[in-house]
Amino acid sequence: MKKVLIVTALSQELNSIKEKIKTLKIQNLKISYFTTWVWNYHTILNFTRFLEQNKDFDFIINIWVCGYKEEKKGFFQVARIFNSANKKELIVPNLFDFWDLESIFCSEKIIFDWKDILEEKFCDMESFWFELVCESFSIPRMILKVPVDKIGDETKNFDFLKAKKYLQENIDYELLLTKILDYLNTKIEKKDFSKFLNFYNLTFSENIIFERNIYKFEALVKKDFSIYFEENKEKTKEKFLTDLNLFLKEFVL
């Protein structure tokens with residue numbers, strides 16, 4: 001049984017998605033739901049806390065509304081996010097083809113003037129931070145956006161009923177979940193590194209970094225990590241982690 005998490009900002013809109021999905025009959029898939037609440041800081045804090053306590057999801061989908069400049073689509077799949085606060089971008093992994101790929105402008109402030117999103121066509125407030133959190137947990141994910149309000153007067157007078165309707169009707173959820181299940185069934189199973197991770201008393205963040213470095217070791221060194229581990233496991237935790245980082249740096253140009 002594969003476990004999928006659907007994340008939205010508000011529970012009212014999430015309920016419309018749940019109603020739609022409940023009518024579907026897709027076997028071998030357990031669907032869970034979570035709301036982060038609006039604004040970027042709520043997304044970071046609430047979503048991180050939730051994943052710290054619920055680590056076993058195979059796939060996460062962020063579905064939410066967004067504003068648009070001119071071109072209005074039924075929905076699209078986010079491929080790139082430009083964040084207004086730090087002027088940085090994130091590339092969202094495209095794990096399988098589902099729908100049109102688009103770039104989006106992410107702002108911690110509500111956008112009322114289309115000129116503020118520069119050359120971008122769409123804007124939202126949470127996607128950058130959703131992707132950042134998922135990336136830190138190394139969980140396969142997808143961001144789907146449903147354009148609802150044309151930036152300007154429609155943003156100031158946001159229509160929540162229209163948002164709920166579009167979220168429920170614009171996405172083919174049966175096709176979406178079927179494609180996710182197909183992807184998960186063909187995905188290479190995640191390696192079990194528990195014997196390494198459990199050897200030391202690691203903090204949560206140390207655990208994530210250590211696992212990431214094991215994958216990096218096997219990709220760069222082209223050897224089984226257990227050989228390195230057996231040769232160095234008598235070191236203290238701090239010494240082991242530091243030396244591993246220094247060792248891996250030798251393989252990066």
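## Ground rules

Contact here means heavy atoms within 4.5 Å. The model is predicted, so local features need pLDDT of at least 70 and side-chain atom pairs count only at pLDDT 80 or more, while totals for chains, interfaces and linings use all residues. Residues are numbered from 1 along each chain as its sequence is written, and side-chain values use heavy atoms, with hydrogens and water left out.

## The chain as a whole

The protein chain has 10 helices and 8 strands. These are DSSP runs numbered from the N terminus, with helices (H or I) of at least four residues and strands (E) of at least two. The C-alpha trace spans about 65 × 45 × 30 Å along its principal axes.

Of the 253 residues, 47% are buried. Buried stands for under 20% relative accessible area, exposed for over 50%, and partly exposed for what falls in between (1.4 Å probe, protein chains only). The accessible surface comes to about 13800 Å², and carbon and sulfur atoms account for 52% of it; the areas come from the Shrake-Rupley method with a 1.4 Å probe, and for residues only the protein chains shown count as cover. Take the contacts between residues at least 6 apart in sequence: 70% of them join residues at least 24 apart.

## Two nonpolar cores

A nonpolar core is a set of buried Ala, Val, Leu, Ile, Met, Phe, Trp, Tyr and Cys residues joined through side-chain atoms within 4.5 Å. The largest one here has 32 residues, and the members touching the most others are Phe59, Ile61, Ile63, Leu144 and Leu176. At least two residues each come from strand E1 (2–8), helix H1 (11–22), strand E3 (59–68), strand E8 (141–150), helix H5 (160–169) and helix H6 (173–186). H6 gives the largest share, 7 residues.

Setting aside neighbours within four places in sequence, isoleucine 63 is in contact with Ile6, Val7, Thr8, Ile17, Leu144, Leu167, Ile171 and Tyr173. Apart from this core lies another, of 27 residues, with Leu5, Leu51, Ile60 and Ile139 among them.

## Helix H6, inside and out

An α-helix has 3.6 residues a turn, so residues three or four places apart point the same way.

At the start of H6, a side-chain oxygen of aspartate 172 comes within 3.3 Å of the backbone nitrogen of glutamate 174.

Asparagine 83 belongs to strand E4 (residues 76–83). With a relative accessible area of 2%, asparagine 83 is buried. Beyond residues up to four places away in sequence, asparagine 83 touches Lys88, Cys106, Phe128 and Trp129.

Phe128 and Trp129 are among the buried residues of H3.

## Two positive phi values

Serine 138 follows H3 and lies in the loop between H3 and E8. Its phi is positive, about 55 degrees, although serine 138 is not a glycine. At a relative accessible area of 48%, serine 138 is partly exposed.

Lysine 87, in the loop between E4 and strand E5 (88–91), also isn't a glycine and has a positive phi near 60 degrees. Lysine 87 counts as exposed, at 57% relative accessibility.

## Later helices

Serine 205 is in helix H8 (residues 204–220) and is partly exposed, with a relative accessible area of 44%. Between serine 205 and tyrosine 173 there are 34 Å in space, C-alpha to C-alpha, and 32 residues in sequence.

Glutamate 230 is in helix H9 (residues 225–232), partly exposed at a relative accessible area of 44%. Glutamate 230 and phenylalanine 196 are 34 residues apart in sequence, with 9.7 Å from C-alpha to C-alpha.

Key: Polar contact = N/O pair within 3.5 Å; in protein donor to acceptor, adjacent residues only side chain to side chain.
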